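The following exercises are to be worked through with the structure in view. Each task is followed by a solution in steps.

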Amino acid sequence: MYSNKENINILTSLLLEWEVTDAVVCPGSRNAAIVHNLNECGTIRCHPITDERSAAFYAMGIALNTKRPTVVCVTSGSALLNTAPAVAEACYQHVPLIVIAADRPQQWIDQLDGQTLPQPDALNRFVRRSVSLPEPHTEEERWYCNRLVNEALHAATFRQPAPVLINVPVTEPLFTFDVAELPKERRFRMLDSEATLTDTTIEALQHELYQAKRPLIVVGQMAADSFGCSVFDINELSKHFVVFAEPLSNSGETIHFDEAVRHLTAHPELSPDYTPDYIIYIGDTLVSKATRRWLRQTHAPSCLITADPLHASDPLMSLRHIVTCDNANLALLMPMLYDIYTHRDLHTNDEVAWRNEESRTMFLNKWKSLLSQWANHAAAYEPEYSQMAVVKYFEKLIEESAVCVNTHYANSTAVRLACIYANHYVWCNRGVNGIEGSLSTAAGFSLTDHDLNVCIIGDLSFFYDQNALWNNCVGGNLRILLLNNSCGGIFKQLPNLHRSPVADTFVGASHTTTAQGICAQNNVEYIAAHNQEEMQRGISELLTRKGNSPVLLEVFTDAAIDAETLSRYFRGCSCLRSALPLA
């Protein structure tokens, strides 16, 4: 029987998945349940050593000989500190030493309780990864615990090995052993451990796609021309796969998957026909929160293609495979992925028959139909005068313009509107999604670029970052389209927030500020628009005015109308549902 502590059972199960065969165990009450599990599982040899400093060196010696990750398990408090000499040595010898330390609950650290000290960062200088496992009570906490253990063991064993620390807080009672079986845990696996893309990797990934009936490719944010990836690659992929890609991902055109996912969520009886059974995730973050949530709910196993193999992100909570692909090789990988749909063997170029082809084709056609309908809806929808109308008209002029324009969208509502209307690459600070610094980033970009650079930005973002204009550096190639609805408009779209008496004042930061004075003191040419006609004339002038000074167009809209216009767009047309293919 195993411990009733779920974080310990998840850890034990994953140690077996990662083929750990040896553990050096030290005496103690707080780590007793961990030691019990290690012994109980049967396939891990336990070696009892009392002195923790010596025990850690014992574990290092075993790892040197077996060339496998090896555990040293200690109790809480100063016991962990005693492993530091061996951990430092393992760091410089590149030994996969897995330090597992029991810990007291977080609330008792530094509270004059016995054997307590801040453990998670105690070895930080000498471990590649340090994690502290929660005692899970929800499915999300279980996924988090699983992910942390996977991340630590991946960091310890990938390419050049290194020591890691797995900290395990355990609450009392400590000694209940009534769980009959360990949970079956999901393990991250590298499809190939080489630093560059190989035939082995490609074949392994093609094999996963070969097995799938409903494969999906998600392309998150990527730097312009990153990975050597061209628009052609993604457009070509979309002929053979369902592809989710935003303007931040080099997609070349807007794919209205966010709207489609919202539609499926509104009609859950349709969702099974559109649910993927294998997902390839390329790049970084997605703007669409609705899509991230829906993809996580599908529980489809996912493969992460990343240039940073040491950091195994699990954005869809279903990571099964990792493929290392540096900037130069993704462009090579793309056509090889759709080679399976051209019925050609990778080596012989002979025609081959692929499994589940009929199911994949049906899945692709269903999504093509749904995405096409939403694209038509977006083109036909005429928003009333609002921020949505501003961005739609701006993007229309961008498409018609013969001038090269780099567009920099600020976070929050601005970038979400870009995801509806932009048919070109969009720059945006989506790493942490903060509103600060969007204008400064665009201004800095313009200093080293000869083309026109337009920053589309909301009022709070602009006023927060107004010092971007307080210098003599920026010139006439910087243009600013300021969307001013006198508050943080995104807060008007959050369900039930309006019930708070401070929703507008404290949360939404309502104000009556304009940018005219800021422009005057910073030598920025100023244009204002208060209606549809002034807005359209102002955008045209923003894109065509000549001069050596930056130009700012401030468009004033009503926040309530902004929110309702966008909400009406997402509600879509009721006729869409009846037009969807179900079989």
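Helices, of at least four residues, and strands, of at least two, are DSSP runs numbered from the N terminus. The model is predicted.

**Exercise 1.** Locate His299 and decide whether it is buried or exposed.

*Solution.* Step 1: the loop between α11 and β11 (302-306) holds His299. Step 2: His299, which is not a glycine, has a positive phi of about 60°. Step 3: the relative accessibility of His299 is 65%. Step 4: exposed means over 50%, so His299 counts as exposed.

**Exercise 2.** Identify the residues of the positive surface patch and the element that gives the most to it.

*Solution.* Step 1: Lys289, Arg293, Arg296 and Arg416 form the patch. Step 2: helix α11 (residues 289-298) gives the most, with three residues. Step 3: Arg296 lies in this helix. Step 4: because its relative accessibility is 32%, Arg296 counts as partly exposed.

**Exercise 3.** Describe the peptide bond from Glu172 to Pro173 and place Pro173 in the chain.

*Solution.* Step 1: the bond is cis, with omega near 0°. Step 2: most peptide bonds are trans. Step 3: Pro173 lies in the loop between β6 (164-169) and β7 (189-190).

Note on methods. Residues numbered from 1 in each chain as written. Predicted model: local features only at pLDDT ≥ 70, side-chain atom pairs only at ≥ 80, totals over all residues. Heavy atoms only, no water. Patch = residues over 30% accessible without salt bridge, like charges linked within 9 Å, V, L, I, M, F, W, Y side chains within 5 Å. Areas by Shrake-Rupley, 256 points an atom, 1.4 Å probe, with all protein chains shown as cover. Salt bridge = Lys/Arg side-chain N within 4 Å of Asp/Glu carboxyl O. Lys, Arg positive; Asp, Glu negative; His and termini not counted. Charge placed at Lys NZ, Arg CZ, Asp CG, Glu CD. Buried < 20%, exposed > 50% of the residue type's maximum accessible area, 1.4 Å probe, protein only.
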